[in-house]
Amino acid sequence: MTMIRVENLKKSFGKIEVLKDMSTVIEEKEVVCVIGPSGSGKSTFLRCLNRLEEITGGHVYIEGTDITNPKVDINKVRQDVGMVFQQFNLFPHKSVLENITLAPMKLKKSDKKAITEKAYELLDKVGLREKANAYPGELSGGQKQRVAIARALAMDPKIMLFDEPTSALDPEMVGDVLDVMKQLAVEGMTMVIVTHEMGFAREVGDRVMFIDGGYIVEENVPAELFGNPQHERTKAFLSKVL
Amino acid sequence: MDTIRNAMPYLMEGLQVTLYIFIIAIILGFIIGLIVALLRLAPFKILNWIAKFFVDAIRGTPFIVQLFFIYFGLNSLGFFSMDNTTAGIVTVAINAGAYFSEIIRAGIQSIDRGQTEAARSLGLNATQNMRYIILPQAFRRMLPTITNQAIISLKDTSLLSVIGIADLTQEGRIQASQTFEAFTIYLTLGVIYFIVIYLLSMLASFVERKFVLR
Ligand SMILES: Nc1ncnc2c1ncn2[C@@H]1O[C@H](COP(=O)(O)OP(=O)(O)OP(=O)(O)O)[C@@H](O)[C@H]1O
Ligand SMILES: [Mg+2]
């Protein structure tokens with residue numbers, strides 16, 4: 001089943017066109033890693049997938065729903081699309097448990113007890129049950145990011161978007177977060193991951209997408225994209241980062 | 001000492017009036033401030049302009065002129081008649097509301113954009129985001145400035161004596177002229193205001209400590 005369909009996506013900030021013409025299809029359970037130079041539009045691309053950025057042209061379909069249609073209830077669509085940010089963006093005035101339960105309590109019909117139980121299960125999954133009553137300010141970066149993942153998962157999303165989830169972390173924390181993401185991939189979550197972790201992209205990605213200058217320059221299975229890049233720009237980029 | 005003892009019951013009556021007006025006006029003022037701040041930040045230009053015009057008008061005119069406009073000016077139109085206490089409450093509320101709105105707006109804007117993005121990405125709508133994520137954080141940050149404005153408004157209520165409201169200042173003035181002990185009476189008056197404002201600051205810092213920003 002197709003989870004995300006992007007058709008001729010364009011995005012401008014004022015006069016500056018950041019995404020020029022992007023099309024791709026992401027299937028259920030696929031893990032797509034997005035790589036590319038700084039400023040190439042990776043974050044903007046990802047943020048168009050849940051309309052965190054207003055889309056200027058083209059179409060984005062999430063499970064068949066065209067989210068560029070202004071009549072679409074975007075809040076409903078977003079409940080199915082979890083997002084994890086480089087800077088975590090945990091709610092500092094809420095405990096870890098409340099961070100996870102807040103959105104489901106307000107948006108889901110299930111009762112409070114079930115939501116709390118689910119939150120503890122998610123905390124187990126990211127290895128942080130003992131931090132349930134801590135506040136974000138008391139956590140390390142790696143712990144914060146794992147809570148942020150649990151928070152997104154609490155809405156039972158069908159798709160997870162990650163924007164450089166490990167870039168703000170100390171090196172020794174990166175592994176814990178990547179492990180959680182690997183586990184998600186194994187469980188069959190559909191994921192789009194903007195990352196600088198080439199090793200992770202190669203190992204976990206079903207596909208790697210190279211973005212440069214507002215275009216998807218090329219996309220392929222990791223072995224091909226890393227081992228046999230077709231475009232000069234891909235080669236130039238890979239020679240710098242590998 | 002006798003002067004103070006004799007004057008005290010009248011001053012306490014005045015204090016009651018002052019506190020009554022202050023408490024109602026500050027609550028109304030806060031509600032006005034919140035609404036105006038939200039209008040100021042709403043995604044509609046006209047609403048932004050209306051809110052900005054209101055704030056500029058209040059900030060650009062003296063309190064006493066606002067008071068006269070509302071009490072004498074509006075009453076003179078003859079559509080309704082407002083007693084002086086109501087006019088006093090309305091003036092303090094509107095005046096505080098304008099200043100509160102600027103404080104609240106700055107507080108809302110000081111919250112990192114990532115908070116809104118995280119909330120919206122979970123599926124919360126703009127109102128839920130404001131209510132559960134942005135405002136609680138903003139209020140914690142704003143508390144010291146809010147307290148400051150509340151103290152200014154409390155002092156402003158002393159100007160209400162000019163439209164004949166029997167507030168603390170008015171009672172003091174009456175006592176001073178009746179007893180011919182202006183020095184003692186006005187000193188006492190000052191001490192009472194000082195104590196009330198001191199208690200108000202204590203209350204504020206207690207609340208602040210209870211809701212420390214984590
Ligand atoms: N809100 C905005 N207003 C104006 N320009 C923006 C905005 N957001 C992004 N841009 C511009 O769009 C371009 C792409 O930005 P984007 O953040 O998508 O890049 P990126 O590939 O994620 O880079 P990085 O690897 O540094 O995160 C950049 O030139 C950036 O300056
Ligand atoms: Mg980016």
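**A strand and a ligand site**

Let me start with pairing: strand β3 and strand β9 (residues 207-212) of chain A pair in the parallel sense over four bridges, where pairing requires that DSSP finds at least two bridges between two strands, and strands are DSSP runs of E of at least two residues, while helices are runs of H or I of at least four, numbered from the N terminus. Within this pair, Ile35(A) stands opposite Phe210(A).

This is a predicted model, in which local features need pLDDT of at least 70 and side-chain atom pairs count only at pLDDT 80 or more, although totals for chains, interfaces and linings use all residues. Residues are numbered from 1 along each chain as its sequence is written, chains are lettered from A and ligands numbered from 1 in the order written, and side-chain values use heavy atoms, without hydrogens and water.

β3(A) is also joined by four bridges to strand β8 (residues 190-194) of chain A, again running parallel, and there Val34(A) has Val194(A) as its bridge partner. Five of the five residues of β3(A), residues 31-35, are buried, so the strand is largely enclosed by the rest of the structure; buried means under 20% relative accessible area, exposed over 50%, and partly exposed in between, with a 1.4 Å probe and protein chains only.

Turning to ligand 1, a backbone N or O atom of Gly39(A) lies 2.8 Å from one of the ligand's oxygen atoms, and a polar side-chain atom of Lys42(A) lies 2.8 Å from an oxygen atom of ligand 1.

Note on methods: A polar contact is a pair of N or O atoms within 3.5 Å; within protein, one must be able to donate a hydrogen and the other to accept it, and residues adjacent in sequence count only if both atoms are side-chain atoms.
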